[in-house]
Amino acid sequence: QVQLVESGGGLVQPGGSLRLSCAASGMIFGIRDMGWYRQAPGKQRELVARFPSVGRTNYADSVKGRFTISRDNAKNTVYLQMLSLKPGDTAVYYCNAEISVTRGGYPRDYWGQGTQVTVSS
């Protein structure tokens, strides 16, 4: 089985910062893309940032210049550094990874359980 476990969410004032972490564990042969999504109340889940195995990282326009995604392949972990947080960033943040569990197996999507980020004074 494969698990994605997120940590680092919480309550922060506007202008503050948080760092989210997501570690993948279990029967993992390989990880392709990793990323972060978020879902605010009453809204659809949206891409925040993505770190592909090949190619450049990409970000939602709303977070460019404030958020940075990074990845430690040795630890099967992806991070999201969030600076200059705004109330509009309030959401549940979900980690996503494309993981193969066998050699030659096609990667499938796995999701974390979500971590709440609340930006409020």
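In this predicted model, the charged end of Arg19 sits over the ring of Tyr79, 4.1 Å from its centre. Arg19 also has a place in the strand pairing, where it stands opposite Gln81 in S8. A second contact of this kind involves Arg45, whose charged end lies over the ring of Tyr94, 3.8 Å from the ring centre.

S3 and S8 run antiparallel and are joined by six bridges. S3 (residues 18–26) also pairs with strand S1 (residues 2–7), again in the antiparallel sense and over six bridges. Within that pairing, Leu4 has Ala24 in S3 as its bridge partner.

On S8 (residues 77–82) there is a further pairing, with S7, which is antiparallel and has six bridges. S7 and S8 form a hairpin with four residues between them. One of the residues in the turn, Asn76, has a positive phi of about 50°. Asp72 is bridged to Thr77 in S8.

The side chains of S7 (residues 67–72) show a clear division. Phe67, Ile69 and Arg71 point to one face and are buried.

Aromatic rings are a separate matter. A search of the whole structure finds one aromatic pair. Tyr37 and Trp111 form this pair in an edge-to-face arrangement, with 5.1 Å centre to centre and 65° between the planes. The angle counts as edge-to-face because it is over 60 degrees. The pair links distant parts of the chain, since Tyr37 is in strand S4 (residues 30–39) and Trp111 is in strand S10 (residues 108–111), 74 residues apart.

The two partners fall into separate accessibility classes. Tyr37 is buried because its relative accessible area is 18%, whereas Trp111 counts as partly exposed because its relative accessibility is 37%.

Pro41 is found in the loop between S4 and strand S5 (46–51). Pro41 is exposed, because its relative accessible area is 75%, and the cut-off for exposed is over 50%. Pro41 and Gly8 are 33 residues apart along the chain, and their C-alpha atoms are separated by 20 Å.

Notes:
Residues are numbered from 1 along each chain as its sequence is written. This is a predicted model: local features need pLDDT of at least 70, side-chain atom pairs count only at pLDDT 80 or more; totals for chains, interfaces and linings use all residues. Side-chain values use heavy atoms; hydrogens and water are left out. Rings of Phe, Tyr and Trp (its six-membered ring) pair if their centres lie within 6.5 Å; planes under 30 degrees apart count as stacked, over 60 as edge-to-face and the rest as tilted. Helices (H or I, at least four residues) and strands (E, at least two) are DSSP runs, numbered from the N terminus. Buried means under 20% relative accessible area, exposed over 50%, partly exposed in between (1.4 Å probe, protein chains only). A charge sits over a ring if NZ of Lys or CZ of Arg is within 6 Å of the ring centre and within 35 degrees of the ring normal. Two strands pair if DSSP finds at least two bridges between them.
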